[in-house]
Amino acid sequence: MKTGLYPGSFDPITYGHIDIVKRALNVFDKLIILISVNPNKKTLFTKEERVDLVSRALESCSDRIEIHTSETLTVKHAKALGATHIVRGLRALTDFEYEFQMTHANRVLDKSVDSVFFMTDNKYSFLSSTTVKEIAQFNGDLSTFAPPFIVSAIKKKYNH
Ligand code: ADP
């Protein structure tokens, strides 16, 4: 059984992330979603809220995914959970530089865990959780960015 591990902040999960999950499930039998928790980084949603939103957003493929949270190195989790590959999404060229550095750093840490990259559908190639939060601050329309229950959760955070 091939297991991939998809790490990210998922603050919150968007259609862009969901698209990557679906593509990864065409290749891997099981996908572990690893929600990174960085005590030094302020997030809009708490760890528990992010787990809840991810699990609801991925309900249709719940039999093939597992959701974990992490406060440590991604490669350590991959190894411990039996994942052979780290899955990442690529949007534009701007993602490449960061992913390039991370992939090589991860290889130095553990060369038995490799990384694979998927590109989203064109319509999500500009989409990030940060963009969604910026638009939400000004009460913009988020319906094409994330499922309705996530849009409601974001709006609630901004008192809209
Ligand atoms: P972001 O705030 O950029 O959405 P995450 O840490 O949650 O950040 O992202 C986790 C992974 O998902 C990264 O590899 C990121 O490039 C990828 N990702 C996020 N949004 C998209 C998207 N719209 N298309 C492709 N990949 C994406």
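Trainee: Which residue forms a salt bridge with Asp-110?

Mentor: Keep in mind that this is a predicted model. A salt bridge needs a side-chain nitrogen of Lys or Arg within 4 Å of a carboxyl oxygen of Asp or Glu. Here the closest N and O atoms are 3.2 Å apart. The partner of Asp-110 is Lys-79.

Trainee: How many residues apart are the two?

Mentor: The pair links distant parts of the chain. Lys-79 sits in helix α3, residues 74-81. Asp-110 is in the loop between α4 and β5 (114-119). The two are separated by 31 residues.

Trainee: How many salt bridges does the structure hold?

Mentor: The bridge between Asp-110 and Lys-79 meets the definition. For the whole structure, the count is 10.

Trainee: Now the ligand. Which side chains place a polar atom by an oxygen atom of the ligand?

Mentor: Polar contacts are pairs of N or O atoms within 3.5 Å. Ser-9 makes one at 3.0 Å, but with a polar backbone atom. A polar side-chain atom lies 2.9 Å from a ligand oxygen in His-17, and 3.0 Å from one in Arg-91.

Trainee: How much of the ligand does the protein bury?

Mentor: Taken alone, the ligand exposes 540 Å². The space it takes is the largest pocket. The protein buries 90% of that exposed area.

Trainee: Which peptide bond is cis?

Mentor: Look at the loop between β1 and α1, where Pro-12 is found. Phe-10 is in that loop too, with a positive phi of about 45° although it is not a glycine. The cis bond has omega near 0°. It runs from Asp-11 to Pro-12.

Definitions and conventions:
Residues numbered from 1 in each chain as written. Predicted model: local features only at pLDDT ≥ 70, side-chain atom pairs only at ≥ 80, totals over all residues. Heavy atoms only, no water. Polar contact = N/O pair within 3.5 Å; in protein donor to acceptor, adjacent residues only side chain to side chain. Areas by Shrake-Rupley, 256 points an atom, 1.4 Å probe, with all protein chains shown as cover. 1 Å grid on protein atoms, 1.4 Å probe; cavity = no way out; pocket = protein on both sides within 12 Å on 5 of 7 lines; lining within 4 Å. Sits in = over half its atoms within 2 Å of the grid points. Helix = DSSP H or I, 4+ residues; strand = E, 2+ residues; numbered from the N terminus.
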